[in-house]
Amino acid sequence: MIRIYGMTESGNCYKPRLLLAKLDLPFEHVEVSSRSGATRSANYLARNPNGMVPLLELEDGRMLAESNAMLLYLAEGTRFLPADPYRRGLAYQWLFFEQYSHEPYIAVRKALLTFPERAKDATPERLAVTLERGNKALGVMEKHLAGNAFFAGDAMSVADIALYAYTHAAGEGGFDLAAYPAVSAWLERVRADPGHVSIDWLP
């Protein structure tokens with residue numbers, strides 16, 4: 001059985017769990033929290049020298065880090081990775097967007113506002129920048145979703161799973177999702193897709 005090391009409340013760790021739930025594939029979850037220092041232990045660093053979660057351990061012992069890389073690996077040959085080369089390229093495009101233009105602002109602002117140990121970093125300047133750039137990312141998504149049901153075509157893909165993970169909780173970071181009706185409608189479509197589970201779900 002494959003194993004995922006991760007934090008239950010982390011959006012990045014939620015991504016592979018959500019995909020595995022949709023694929024109805026069994027896995028073991030091992031709680032490893034960066035907040036407790038567990039990701040910096042010698043035992044964990046031996047598995048992932050980058051000291052971050054999530055981490056996927058395959059049945060043969062090989063390791064795979066980075067949440068979006070896990071999505072691509074797990075989705076191979078499934079409905080979540082488009083067969084058409086262009087649509088597959090679109091899925092990659094939005095995965096890169098999520099990690100470069102979306103997660104660093106929407107996820108980080110939520111962490112600054114909700115994790116007590118991050119409060120010291122929640123300066124007015126940092127909060128202003130993350131709010132501005134997070135809203136810019138939501139605006140890009142809104143424009144795309146105004147004319148498209150999903151991000152890589154007319155069906156859900158790994159791109160939607162990646163972007164859902166932190167967008168659905170953006171309100172906890174002070175973002176007003178009511179200002180983005182197309183994004184809000186897309187969130188409902190993602191929730192309605194078969195096999196959906198919430199972020200606190202564990203096998």
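This is a predicted model: local features need pLDDT of at least 70, side-chain atom pairs count only at pLDDT 80 or more; totals for chains, interfaces and linings use all residues.
Residues are numbered from 1 along each chain as its sequence is written, and side-chain values rest on heavy atoms, with hydrogens and water left out. Helices (H or I, at least four residues) and strands (E, at least two) are DSSP runs, numbered from the N terminus.

The sheet is open and is formed by four strands in the order 2-1-3-4, with mixed pairing; two strands are taken to pair if DSSP finds at least two bridges between them. Strand 2 (27–31) and strand 4 (63–65) stand at the edges with a single partner strand each, so one side of each is left without a neighbour in the sheet. From one strand to the next, the twist averages 20 degrees. Strands of a sheet pair through backbone hydrogen bonds, in either the parallel or the antiparallel sense. Strand 1 (residues 2–6) and strand 3 (residues 55–57) run antiparallel and are joined by three bridges; here isoleucine 4 stands opposite leucine 56 in strand 3. Strand 1 and strand 2, in contrast, pair in the parallel sense over five bridges, and arginine 3 stands opposite glutamate 28 in strand 2.

Axes are lines fitted to C-alpha atoms, for helices over the stretch in contact, and angles run from 0 to 180 degrees between N-to-C directions; contact means heavy atoms within 4.5 Å. Helix 3 (residues 67–75) lies across strand 1, strand 3 and strand 4, and runs at about 125 degrees to strand 4. Strand 1, helix 1 and strand 2 make a right-handed β-α-β unit, the crossover being right-handed if, with the strands pointing away from the viewer, the path from the first strand over the helix to the second runs clockwise. In the loop between helix 1 and strand 2 is aspartate 24, which has a positive phi of about 55 degrees although it is not a glycine. Proline 54, in the loop between helix 2 (42–47) and strand 3, is joined to valine 53 by a cis peptide bond with an omega of about 5 degrees.

Helix 4 (residues 85–114) and helix 5 (residues 124–145) have axes that come within 9 Å and cross at roughly 140 degrees. These two helices are therefore oblique to each other; angles under 35 degrees count as roughly parallel, over 145 as roughly antiparallel, 65 to 115 as roughly perpendicular and the rest as oblique. The crossing of helix 4 and helix 5 is left-handed, meaning that the near helix is turned anticlockwise from the far one by less than a right angle (clockwise if right-handed). Among the residues in contact are Trp94, Phe97 and Tyr105 in helix 4 and Leu127, Leu131 and Met141 in helix 5. By class, the contact of helix 4 with helix 5 has 14 nonpolar, five polar and three charged residues, where Ala, Val, Leu, Ile, Met, Phe, Trp, Tyr, Cys and Pro count as nonpolar, Asp, Glu, Lys and Arg as charged, and the others, Gly among them, as polar.

Helix 4 also packs with helix 6 (residues 158–167), at an angle of about 5 degrees and with the axes 9 Å apart; helix 4 and helix 6 are therefore roughly parallel. This contact includes Ala91, Trp94 and Ile106 in helix 4 and Ala162, Leu163 and Tyr166 in helix 6. Its residues divide into 11 nonpolar, two polar and two charged.

The axes of helix 6 and helix 7 (residues 181–192) come within 11 Å and cross at roughly 115 degrees, and these helices are therefore roughly perpendicular. Helix 6 passes helix 7 in a left-handed crossing. Asp160, Leu163, Tyr164 and Thr167 in helix 6 meet Val183, Trp186, Leu187, Val190 and Arg191 in helix 7, and the residues of this contact comprise six nonpolar, one polar and two charged.
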